[in-house]
Amino acid sequence: MNVYENAKSVIRRAGEIGKIDDDLIRILLNIQKEIHVRFPVKMDDGSLRIFEGYRVQHNNFLGPYKGGIRYHPDVDINEVRALAMWMSLKCAVAGLPLGGGKGGVVCNPKEMSRTELERMTKGFIDAIYLDIGPEKDIPAPDVYTNSEVMGWIVDEYAKQVGKKKEEVLGVVTGKSLSDGGSEGRGEATARGGEFVLMEFMAVKDKKIVIQGFGNAGRVFAKLISKNARVIAVSDSKGGIYKGEGLNIEELIKHKEETGSVVGFRDSSEIENNELLKLECDVLVPAALESVITLENASEIKAGVVLELANGPTTPEADEILFKRGVQILPDILANAGGVSVSYFEWVQNMRGEKWSKEKVDEMLKEKMGVATKEVLGKAKELNVNNRLGAYVLAMERIGRTQLQ
Ligand code: NAD
């Protein structure tokens, strides 16, 4: 099953368990709009390449579509559909007046120069600009896109619609501060995940394992290492382990210098699949989808899985972990800090305001604390796992809006 089928199967299951209106379930199993584009980009050597990109707009009952843009060789329509669907549910769980969308371009950013990435980003925006906008659909960063890419998006969108950049800042979030971004956005996903975890359990001295060392995983490692012991981390090149805990500040420097966590002094190497099975208190998948599956779920030794990545656990693995008493803090709750601060950024852009980091962090803490209590409460009420609890909560909220 692909991730889109997985996402739909959980919606069906949650719909049954939560006695959700059949019409709403059918609506949520369908995607409102899919945009599939092919666009030309001049490469540095003068050749022309045609890239393929998607923007999927799943549901906008709660507000404008919202969701990141991913650059990865494995991007495909089903992945983008699933990610868009999860965004609709995530915004609802976090109590945001936003719908769900997602985008992706099939490319390998590691093999492209900065100028090629800029031209590709602008080419993609030229192809989809009529379908996005501050009150229509608001992209953000995701895997292998960052604040610089978001800056290129605002520039190109402003050019296409013939407005000044300052007038259309709300077209995209996750921008740098100098481009109209918000304080706290860069670390929001990880900080939100930390707030969720701290609402759920005491983290002091707990052993943490993290898969992925990018925006989500690296920042989470940095924040949580102030209280807990990060004993293993990995990136796309491999993993490292140190039982007494890794020095995260130094590890971040090592990754900046060498491009990977691998080879960090005073640590041993570990295979990515072995890393997931390490004895620890909290396992944090923070890379890609479907890494905890039927094959390895029975060997996961963590007591808690905090899903900073989207869709890291398949539905079959969910069942196994639930039966074994492993608590999952599901993606649509655990990583909702990113879209929450994206929403704060958008509000600031629309109102021409600038909020302090203290205010943003305080509001995020409040939002994630409330959402965590609500998800855990719903799961307990229905006697189901936290993911189903979160889905039911989200579907109830979307269902409360007027069906058209
Ligand atoms: P990123 O591009 O900053 O980092 C991705 C990391 O994953 C990199 O360290 C990369 O080396 C690593 N990785 C890739 N393949 C791997 C593999 N096979 N094994 C181990 N590590 C691997 O991306 P990100 O923004 O940190 O996103 C990571 C996950 O978090 C994604 O699922 C994304 O959808 C989700 N997420 C991100 C945000 C956000 O604000 N950035 C918000 C919500 C959810």
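Predicted model: local features only at pLDDT ≥ 70, side-chain atom pairs only at ≥ 80, totals over all residues.
Colleague: Which residues come nearest to the ligand?
Modeller: A residue is near a molecule or strand if one of its heavy atoms lies within 4 Å of it. There are 24 residues around the ligand, and those that come nearest are Asp142, Thr189, Asn215, Ala216 and Asn310.

Colleague: How many residues of the shell around the ligand are charged?
Modeller: Ala, Val, Leu, Ile, Met, Phe, Trp, Tyr, Cys and Pro count as nonpolar, Asp, Glu, Lys and Arg as charged, and the others, Gly among them, as polar. By these classes the shell holds 9 nonpolar and 10 polar residues, and the number of charged residues is 5.

Colleague: From which domains does the shell draw at least three residues each?
Modeller: Domain bounds come from an automatic or database domain assignment. The two domains that each give the shell at least three residues are domain 1 (33–167) and domain 2 (188–334).

Colleague: What share of the ligand's exposed area does the protein bury?
Modeller: A backbone N or O atom of glycine 214 lies 3.2 Å from an oxygen atom of the ligand, and for alanine 287 the corresponding distance is 3.0 Å. Accessible areas come from the Shrake-Rupley method with a 1.4 Å probe; for residues, only the protein chains shown count as cover. Taken alone the ligand exposes 820 Å², and the share of this that the protein buries is 87%.

Colleague: Why is helix 12 described as largely enclosed?
Modeller: Helices (H or I, at least four residues) and strands (E, at least two) are DSSP runs, numbered from the N terminus. Buried means under 20% relative accessible area, exposed over 50%, and partly exposed in between (1.4 Å probe, protein chains only). Helix 12 is largely enclosed by the rest of the structure because, of its 16 residues, the number buried is 14.

Colleague: Which residue has a side chain joined to that of glutamine 348 by a polar contact?
Modeller: Glutamine 348 lies in helix 12, and its relative accessibility is 3%, so it counts as buried. A polar contact is a pair of N or O atoms within 3.5 Å; within protein, one must be able to donate a hydrogen and the other to accept it, and residues adjacent in sequence count only if both atoms are side-chain atoms. At 3.0 Å, the partner of glutamine 348 is serine 182.

Colleague: Which residue caps the N-terminal end of helix 14?
Modeller: Helix 14 covers residues 386–399, and 12 of its 14 residues are buried. At its N-terminal end, a side-chain oxygen lies 3.1 Å from the backbone nitrogen of arginine 387, and the residue that supplies this oxygen is asparagine 385.

Colleague: Is threonine 313 buried or exposed?
Modeller: Threonine 313 is found in the loop between strand 11 and helix 10 (315–323). Its side chain makes a polar contact of 2.5 Å with the side chain of glutamate 307. With a relative accessibility of 8%, threonine 313 counts as buried.

Conventions
Residues numbered from 1 in each chain as written. Heavy atoms only, no water. Expected span 1.5 Å × (residues − 1).
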